[in-house]
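Here is a short briefing on one chain fold. Please look over the sequence and the 3D view before reading on.

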Amino acid sequence: MTRSRRCLINPEEITRRLTEARSATLGTLDHTGRPHLVPIVFAYRDGRLYTAVDRKPKSTLRLKRLRNIEANSNVSVLLDHYDDDWTRLWWIRIDGEARVIDSGPAFQEGLALLTRKYQPYGAQPPPGPVIEIRVETIRAWSAT
């Protein structure tokens, strides 16, 4: 049996990847404890990660992820990079506490960060609400 070696990513590299990454997966828990995963776009700054309900077609703006966060604020966000060259694989998992915000400074900051990062939001900013995640722990791995 071959043992895999644990390759951690240094904090500066984690911050760079969090800033540059274009998408991630948000994990929440519903009222029964079942996991709910959705792809998100996000912005990261100073230990906070922001994502918002945008204008893409949805059956409602009162999304399950919002209801889940209101019932249980513990969330995880996973960023990962796949490559057929397995020496280039990496992932970052953020665990934190989320809140749904509809107005105020954190709402405005989240929208501003998202609008600067994603060109489509420049023409049509998300109506919100914004999810703000206070990062509590970061786990990261890289193949090299």
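The notes below cover the strands, the helices, selected side chains and the backbone.

This is a predicted model, in which local features need pLDDT of at least 70, side-chain atom pairs count only at pLDDT 80 or more, and totals for chains, interfaces and linings use all residues. Residues are numbered from 1 along each chain as its sequence is written, and side-chain values use heavy atoms, with hydrogens and water left out. Helices (H or I, at least four residues) and strands (E, at least two) are DSSP runs, numbered from the N terminus.

**Strand pairing**

- Strands count as paired if DSSP finds at least two bridges between them.
- S1 (residues 24-29) and S2 (35-40) run antiparallel, and six bridges join S1 to S2.
- Thr28 has His36 in S2 as its bridge partner.
- S1 and S2 make a hairpin with five residues between them. Gly33, in the turn, has a positive phi of about 90 degrees.
- S1 also pairs with S5 (residues 74-81), in the antiparallel sense and over three bridges. Gly27 is opposite Ser76 in S5.
- S5 pairs in turn with S6 (residues 90-101), antiparallel, over eight bridges. Asp80 is opposite Trp91 in S6.

**Helix H1**

- Buried means under 20% relative accessible area, exposed over 50%, and partly exposed in between (1.4 Å probe, protein chains only).
- H1 spans residues 11-20. Its residues Glu13, Ile14, Arg17 and Leu18 are buried.
- Viewed down the axis of H1, these buried residues fall within an arc of 135 degrees, so they line one face of the helix. The arc is that of the directions from the helix axis to the C-beta atoms.
- Pro11 and Glu12 are exposed, on the face of H1 turned away from its buried side.
- The buried residues of H1 pack against S3, S5, S6, H3 (105-117) and S7. Contact here means heavy atoms within 4.5 Å.
- Arg17 in H1 counts as buried at 15% relative accessibility.
- Beyond its neighbours within four places in sequence, Arg17 is in contact with Ile9, Leu79, Trp90, Ile92 and Ser142.
- At the start of H1, a side-chain oxygen of Asn10 comes to within 3.1 Å of the backbone nitrogen of Glu12.

**Helix H2**

- H2 covers residues 64-71, and its buried residues are Arg65, Leu66, Asn68 and Ile69.
- Down the axis of H2, the buried residues fall within an arc of 160 degrees, so they line one face of the helix.
- Glu70 and Ala71 are exposed, on the face of H2 turned away from its buried side.
- The buried residues of H2 pack against S1, S2, S5, S6 and S7 (130-142).

**Aromatic rings**

- A search of the whole structure finds one aromatic pair. The ring centres of Tyr118 and Tyr121 are 5.9 Å apart and the planes lie at 65 degrees, so the pair is edge-to-face.
- Rings of Phe, Tyr and Trp (its six-membered ring) pair if their centres lie within 6.5 Å; planes under 30 degrees apart count as stacked, over 60 as edge-to-face and the rest as tilted.
- Tyr118 and Tyr121 are both buried.
- Lys117 lies over the face of Phe42, 4.2 Å from the ring centre. A charge sits over a ring if NZ of Lys or CZ of Arg is within 6 Å of the ring centre and within 35 degrees of the ring normal.

**Ile101**

- Ile101 lies in S6 and counts as buried at 7% relative accessibility.
- Leaving out neighbours within four places in sequence, Ile101 is in contact with Ala106, Phe107, Pro129, Val130 and Glu132.
- Ile101 and Pro11 are 90 residues apart along the chain, and their C-alpha atoms are separated by 28 Å.

**Backbone exceptions**

- Most residues other than glycine have a negative phi, and most peptide bonds are trans.
- Asp46 is not a glycine, yet has a positive phi of about 50 degrees. Asp46 lies in the loop between S3 (43-45) and S4 (48-52), and is exposed, with a relative accessible area of 68%.
- Gly128 and Pro129 are joined by a cis peptide bond, with omega about 5 degrees. Pro129 is in the loop between H4 (119-123) and S7.

Conventions:
A polar contact is a pair of N or O atoms within 3.5 Å; within protein, one must be able to donate a hydrogen and the other to accept it, and residues adjacent in sequence count only if both atoms are side-chain atoms.
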